[in-house]
Amino acid sequence: MKKTFILFLFVVPLLAQPNRPVAFEENGLYGYQNKSGKVIIKPQYQHAMDFTKELVGFVVSENRWLCINTQNKILLEVFPYDNGPDEYSEKLARFVENKKFGFFNPQCKKQIPAAYDFVFPFENGISIVCNFCESKSDGEHSRIVGGKYGAINKKGHIVIPIEYDSINSIDFKKKTANVTANQIKTKIKF
């Protein structure tokens, strides 16, 4: 009896997968259907990924990555990374709104408002951000140049003021950063 109960605890969750919409292609466009094949979002996208367990889907429309819900409502525009939607780092990914960057969670809910010209993925609870910076193409890739840099925490609070020409390195354990301002390199505490 005990073995049957333990088996039940592990097998039932695997079999009880929610009826998440899956992407399908028709005449070069992508839409979504349920498990039984009923179309729930008609084909209209250039590309689509299956819905996640959080019931959001990532689609391409007019060459932009978007996050939608099961009612086909656009939740936000996702920053494209490596030919797909931005990857989560510490349960947050980047979105773009009015040419500014912010962060969203796996439910595609905005967690940190789009207030920066660029943001880097979170690492050890910190994201380096910049204003007045821009993306310059290096052929296949691009790099961020110019502007003033600082850092925010996962609540969106500024932990390093956005006033440095660069942040060269961060020691997360000692809570120090090597920064450059007006061609002078210095170490600061945050």
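Which cysteine forms a disulfide with cysteine 130? Cysteine 133 does, with the two sulfur atoms 1.9 Å apart.

## Basis

This is a predicted model, in which local features need pLDDT of at least 70 and side-chain atom pairs count only at pLDDT 80 or more, while totals for chains, interfaces and linings use all residues. Residues are numbered from 1 along each chain as its sequence is written, and side-chain values use heavy atoms, with hydrogens and water left out.

## Disulfides

A disulfide is a covalent bond between the sulfur atoms of two cysteines. Here it is called when a pair of cysteine sulfur atoms lies within 2.5 Å. By this rule there are two disulfides. Number the bonded cysteines of the protein chain in sequence order, and the pairing reads 1-2, 3-4.

Cysteine 67 pairs with cysteine 108, and their sulfur atoms are 1.9 Å apart. The link is right-handed, with 100° about the S-S bond. Cysteine 67 sits in strand β6 (residues 64–69), and cysteine 108 sits in the loop between β11 (100–104) and β12 (110–116), so the bond ties together parts that are 41 residues apart in sequence. Strands (E, at least two residues) are DSSP runs, numbered from the N terminus. Cysteine 67 is buried at 0% relative accessibility. Cysteine 108 is buried at 5%. Buried means under 20% relative accessible area, exposed means over 50%, and partly exposed falls in between (1.4 Å probe, protein chains only).

The link of cysteine 130 and cysteine 133 is also right-handed. Its angle about the S-S bond is 65°. Cysteine 130 is buried, with a relative accessible area of 0%. Cysteine 133 is buried as well, with a value of 9%.

## An open sheet

Four strands form an open sheet. Their order is β13-β14-β17-β18, and the pairing is antiparallel. Two strands count as paired if DSSP finds at least two bridges between them. β13 (118–119) and β18 (158–164) stand at the edges with a single partner strand each, so one side of each has no neighbour in the sheet.

Strand β17 (residues 148–153) pairs with β18 over three bridges, in the antiparallel sense. Isoleucine 152 has isoleucine 158, in β18, as its bridge partner.

## Salt bridges

The structure holds seven salt bridges. The rule asks for a side-chain nitrogen of Lys or Arg within 4 Å of a carboxyl oxygen of Asp or Glu. Glutamate 97 is partly exposed, at 33% relative accessible area. Lysine 110 is partly exposed too, at 40%.

Aspartate 165 forms a salt bridge with lysine 148, the closest N and O atoms being 2.6 Å apart. Here too the pair links distant parts of the chain: aspartate 165 is in the loop between β18 and β19 (166–171), and lysine 148 is in strand β17, 17 residues apart. Aspartate 165 is partly exposed, with a relative accessible area of 28%. For lysine 148, also partly exposed, the value is 30%.

The side chains of glutamate 134 and lysine 136 meet in a salt bridge at 3.5 Å, N to O. Glutamate 134 is partly exposed at 45% relative accessible area, and lysine 136 is partly exposed at 38%.
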